[in-house]
Amino acid sequence: QVQLVESGGGLVQPGESLRLSCAASGFIFDISTMAWYRQAPGKQRDWAASITPGYSENYADSVKGRFTISRDNAKNTVYLQMNGLKPEDTAVYYCNRRGPGVLPGRGDWGQGTQVTVSS
């Protein structure tokens, strides 16, 4: 049974940092592409960042240069380091896993963690 459990969200002020974690179980983590998506109130869920089994990283333009995705295969965990947070980063952040051959936006999802950026 696939499980993805996000943690690390919270309320921060603009310019501050947060690190999200996603603990994974129930599948072979090493061969999975892991990603973070986010959904702001009243908007669709959007892709933010992803990391392949080969550690290749990709970022949405809106977070490039501020967010860093990483993975620890020994701990079956993926992280999202978020620096220079802005109010527009406020959203529920979801961890996503997709195995080989699975299209982006598909696969398995965590329950989400709320990030609120406000002064």
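The charged end of Arg71 sits over the ring of Phe29, 4.7 Å from the ring centre. Likewise, the charged end of Arg45 sits over the ring of Tyr94, at 3.7 Å from its centre. A charge sits over a ring if NZ of Lys or CZ of Arg is within 6 Å of the ring centre and within 35 degrees of the ring normal.

This is a predicted model, in which local features need pLDDT of at least 70 and side-chain atom pairs count only at pLDDT 80 or more. Residues are numbered from 1 along each chain, and side-chain values use heavy atoms, without hydrogens and water.

A search of the whole structure finds two aromatic pairs. Rings of Phe, Tyr and Trp (its six-membered ring) pair if their centres lie within 6.5 Å; planes under 30 degrees apart count as stacked, over 60 as edge-to-face and the rest as tilted.

| Pair | Centre to centre | Angle between planes | Class |
|---|---|---|---|
| Phe27 and Phe29 | 6.3 Å | 40° | tilted |
| Tyr37 and Trp109 | 4.8 Å | 70° | edge-to-face |

The Tyr37 and Trp109 pair links distant parts of the chain, 72 residues apart: Tyr37 belongs to strand 4 (residues 33–39) and Trp109 to strand 10 (residues 108–109). Strands (E, at least two residues) are DSSP runs, numbered from the N terminus.

Buried means under 20% relative accessible area, exposed over 50%, and partly exposed in between (1.4 Å probe, protein chains only). Phe27 is buried, with a relative accessible area of 14%, and Phe29 is buried at 2%. Tyr37 is buried at 9%, whereas Trp109 is partly exposed at 30%.

Conventions:
Helix = DSSP H or I, 4+ residues; strand = E, 2+ residues; numbered from the N terminus.
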